[in-house]
Amino acid sequence: MDPNRGHVSVEGTVVECLGVLYSPVSSADDRSRADKYLTEFQASQLAWQACRNLLLQDQYSSNLHAAYFGATTLHMKCRQHIEELGIEDKKDLCSSILQFLFKCKVFSVRRRACLAHVSLCTSIYISDRSV
């Protein structure tokens with residue numbers, strides 16, 4: 001779970017940290033480090049693209065914890081940090097989330113992705129009306 005090692009992708013590190021959090025054999029210290037990394041990740045600019053990848057790339061989206069975390073993080077960022085994205089980035093992300101929704105079969109993940117999509121669409125609507 002060392003984000004500075006080798007060529008592990010951000011998404012791979014997130015998935016590894018989620019595995020540590022949900023593993024019954026992880027130590028309290030390992031869980032604490034994983035939680036700290038994930039919390040810092042959620043606040044970062046990297047989270048926008050990495051969470052999109054968690055939803056769209058099959059190697060990650062088939063992992064229920066990764067897909068749920070990605071959708072939840074995008075929902076949170078769309079509600080609290082939407083100003084970090086320009087209008088074109090918002091539209092691209094909106095399209096990506098919609099693409100994910102067509103293939104997602106898990107209700108809890110789908111619900112979170114829908115909430116992110118609605119927050120994003122609302123922001124786009126407001127941006128378009130203020131121009």
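Two residues are in contact when they have heavy atoms within 4.5 Å of each other. Leaving out residues up to four places away in sequence, Ala 116 touches Ala 71, Leu 74, His 75, Cys 78 and Ile 97.

The structure is a predicted model, in which local features need pLDDT of at least 70 and side-chain atom pairs count only at pLDDT 80 or more, while totals for chains, interfaces and linings use all residues. Residues are numbered from 1 along each chain as its sequence is written, and side-chain values use heavy atoms, with hydrogens and water left out.

**Helix H7 and Ala 116**

Helices are DSSP runs (H or I, at least four residues), as strands are (E, at least two), and both are numbered from the N terminus. Ala 116 lies in helix H7. It counts as buried because its relative accessibility is 1%; buried means under 20% relative accessible area, exposed means over 50%, and partly exposed is in between (1.4 Å probe, protein chains only). The other buried residues of H7 include Val 109, Ala 113, His 117, Leu 120 and Ile 124. The buried residues of this helix pack against H5 and H6.

Leu 115 also lies in helix H7, but Leu 115 is partly exposed, with a relative accessible area of 36%. Leu 98, in helix H6, counts as partly exposed at 36% relative accessibility. Pro 24 is found in the loop between H1 and H2, and at 76% relative accessibility Pro 24 counts as exposed.

The table gives C-alpha separations for some residue pairs.

| Pair | Apart in sequence | C-alpha to C-alpha |
|---|---|---|
| Ala 116 and Val 15 | 101 residues | 20 Å |
| Leu 98 and Ala 116 | 18 residues | 10.0 Å |
| Leu 115 and Leu 74 | 41 residues | 9.1 Å |
| Pro 24 and Asp 35 | 11 residues | 15 Å |

**Helix spans**

The expected span of a helix is 1.5 Å times one less than its number of residues. H7 has 23 residues and reaches 32 Å from its first C-alpha to its last, close to the expected 33 Å. H1, with 13 residues, reaches 19 Å, close to the expected 18 Å. Within H1, the buried residues are Glu 11, Thr 13, Val 14, Cys 17, Leu 18 and Val 20. They pack against H2, H3, helix H4 (58–61) and H5.

**The nonpolar core**

A nonpolar core is a set of buried Ala, Val, Leu, Ile, Met, Phe, Trp, Tyr and Cys residues joined through side-chain atoms within 4.5 Å. The largest such core has 34 residues, and those with the most contacts inside it are Val 14, Phe 41, Leu 74, Leu 93, Ile 97 and Leu 120. Two or more residues of this core come from each of helix H1 (10–22), helix H2 (28–43), helix H3 (46–56), helix H5 (64–80), helix H6 (87–103) and helix H7 (107–129). Apart from neighbours within four places in sequence, Leu 93 is in contact with Trp 48, Arg 52, Leu 74, Cys 78, Leu 85 and Leu 120.

**The largest pocket**

A pocket is found on a 1 Å grid over the protein atoms alone, as an open set of points where a 1.4 Å probe fits, with protein on both sides within 12 Å along at least five of seven lines; lining residues have an atom within 4 Å of a point. Grid points are joined across faces, edges and corners, and a volume is the space filled by probe spheres set on the points.

The largest pocket has a volume of about 180 Å³. It is lined by 13 residues, of which Leu 18, Tyr 22, His 65, Tyr 68 and Phe 69 are the closest to its centre. H1, H2 and H5 each give two or more residues to the lining, and H5 gives the most, with 5 residues. The lining divides into 7 nonpolar, 5 polar and 1 charged. In this count Ala, Val, Leu, Ile, Met, Phe, Trp, Tyr, Cys and Pro are nonpolar, Asp, Glu, Lys and Arg are charged, and the others, Gly among them, are polar.
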